[in-house]
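This report walks through one protein model, taking up the packing of its helices and then a handful of individual residues. The sequence and the structure are shown here for reference.

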Amino acid sequence: MGRRRGARGPVGAVYAWVRGQSVKAKTALGALAAFLVLAALWAFVRNHNHFFVASEVVHSAGIIVLIYKLTNHKTCSGLSLKSQELTAIFLAVRFYCSVIIEKDIHTVLDLLTLFSTLWVIYMMRFKLNSSYTKELDNMPRYYLLVPSIVLAILVHPFLYKHHSRFLWAFSVYLESVSVLPQLRLMQNAKMVEPFTAHYVFALGVARFLNSAHWIIKVIDTGGSFLTGSSSAVFWTPAVLVAELVQTLILADFCYYYIKSVMLGQLMRLPSAHGMRDV
């Protein structure tokens, strides 16, 4: 996304119109766009479990972008090591639970994504450490690990009669907030490196697909899916909330990403207190 001439024609006109709207109007337009995409997915995708597979494939595509950056550009500037480490933790926990509970395509995809993430961590720690902006990656990991552990103890699925129920819940909660150190680093840096932007946007798309699965499942069951089982009375709503939290966390980033692509400019993020002002 190097600096090119601004977007013109119908796309540019639409962007200019959206940019001129108030914050409330932009929020409403974003909600409408999300609703229309959800409606299209509900209408055209019959097996909604495919959303999970698609989400993991998109996440893997984001990792491939990082691998390309690290191997070809020989730099990890703009990447949060803490986010990568948190991602490796929840993937390792989820893979372990998947081996015990499921042993399906998700297990394979989780393993591949875990290996790729561990490779990224290795490169950042040992091969490209000189380009790692540690001073900008300043969100403490325990801010996210401790609440995830506490929530997993308090709210977890009762379907499984062994320790995996706590571990599965922990992986869900940690995944929902694991991107926060990356967003914090990018806000600190203001300018977002293109390959990093592609990677985080892929995460946003992956989270949206996961959220779409749960929302459509709730709609298809008339809401009974949320409370249909005594073992899921708290757990299922908690999963839905966790998915929505990460989707909303990434919504601002996706707005600025699309804006930068439409304008043909390098991506910039405002400070944390100004994220909704543009």
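## Helix packing and selected residues

In this predicted model, helix H4, which spans residues 81-101, packs against helix H5, residues 105-127, at an angle of about 150°, and their axes lie 9 Å apart. Since angles over 145 degrees count as roughly antiparallel, H4 and H5 are therefore roughly antiparallel to each other. The crossing that H4 and H5 form is left-handed.

On the H4 side, the contact involves Leu81, Gln84, Glu85, Thr87, Ala88, Leu91, Ala92, Arg94, Phe95, Ser98 and Val99, and these meet His106, Thr107, Asp110, Leu111, Thr113, Leu114, Thr117, Leu118, Val120, Ile121, Met124 and Arg125 of H5. By residue class, the contact of H4 with H5 divides into twelve nonpolar, seven polar and four charged residues.

Another helix pair is formed by H6, residues 142-154, and H7, residues 164-177, which pack at an angle of about 140° with their axes 8 Å apart. That angle makes H6 oblique to H7, and H6 passes H7 in a right-handed crossing. From H6, the contact draws on Leu144, Leu145, Ser148, Ile149, Leu151, Ala152 and Ile153, while H7 supplies Phe166, Ala169, Phe170, Tyr173, Leu174 and Val177. In the contact of H6 with H7, twelve residues are nonpolar, one is polar and none is charged.

The two pairs are set out below.

| Helix pair | Angle | Axis separation |
|---|---|---|
| H4 and H5 | about 150° | 9 Å |
| H6 and H7 | about 140° | 8 Å |

These helices belong to a protein chain whose secondary structure comes to eleven helices and two strands. Read from the N terminus, the elements follow the order α-α-α-α-α-α-α-α-β-α-α-α-β. Of the 278 residues of the chain, 44% count as buried. Among contacts in the chain with a separation of 6 or more, 78% are accounted for by residues 24 or more positions apart.

Within helix H5 one finds Met123, a residue that is buried, with a relative accessible area of 11%. Leaving aside residues up to four places away in sequence, Met123 touches Leu70, Leu128 and Asn129. The C-alpha atoms of Met123 and Ile67, which are 56 residues apart along the chain, are separated by 9.4 Å.

The backbone also deserves a look at two loop positions. Lys74 has a positive phi of about 55° although it is not a glycine; Lys74 is placed in the loop between helix H3 (50-73) and H4. At 55% relative accessibility, Lys74 counts as exposed. Lys190, likewise not a glycine, has a positive phi of about 70°, and Lys190 lies in the loop between helix H8 (180-189) and strand S1 (191-192). With a relative accessible area of 39%, Lys190 is partly exposed.

Cysteine is the last topic. The structure holds zero disulfides. Cys76 is buried, with a relative accessible area of 0%, and Cys97, at 0% relative accessibility, counts as buried too.

Key. Residues are numbered from 1 along each chain as its sequence is written. This is a predicted model: local features need pLDDT of at least 70, side-chain atom pairs count only at pLDDT 80 or more; totals for chains, interfaces and linings use all residues. Side-chain values use heavy atoms; hydrogens and water are left out. Axes are lines fitted to C-alpha atoms, for helices over the stretch in contact, and angles run from 0 to 180 degrees between N-to-C directions. Helices (H or I, at least four residues) and strands (E, at least two) are DSSP runs, numbered from the N terminus. Angles under 35 degrees count as roughly parallel, over 145 as roughly antiparallel, 65 to 115 as roughly perpendicular and the rest as oblique. A crossing is left-handed if the near helix is turned anticlockwise from the far one by less than a right angle, and right-handed if clockwise. Contact means heavy atoms within 4.5 Å. Ala, Val, Leu, Ile, Met, Phe, Trp, Tyr, Cys and Pro count as nonpolar, Asp, Glu, Lys and Arg as charged, and the others, Gly among them, as polar. A disulfide is a pair of cysteine sulfur atoms within 2.5 Å. Buried means under 20% relative accessible area, exposed over 50%, partly exposed in between (1.4 Å probe, protein chains only).
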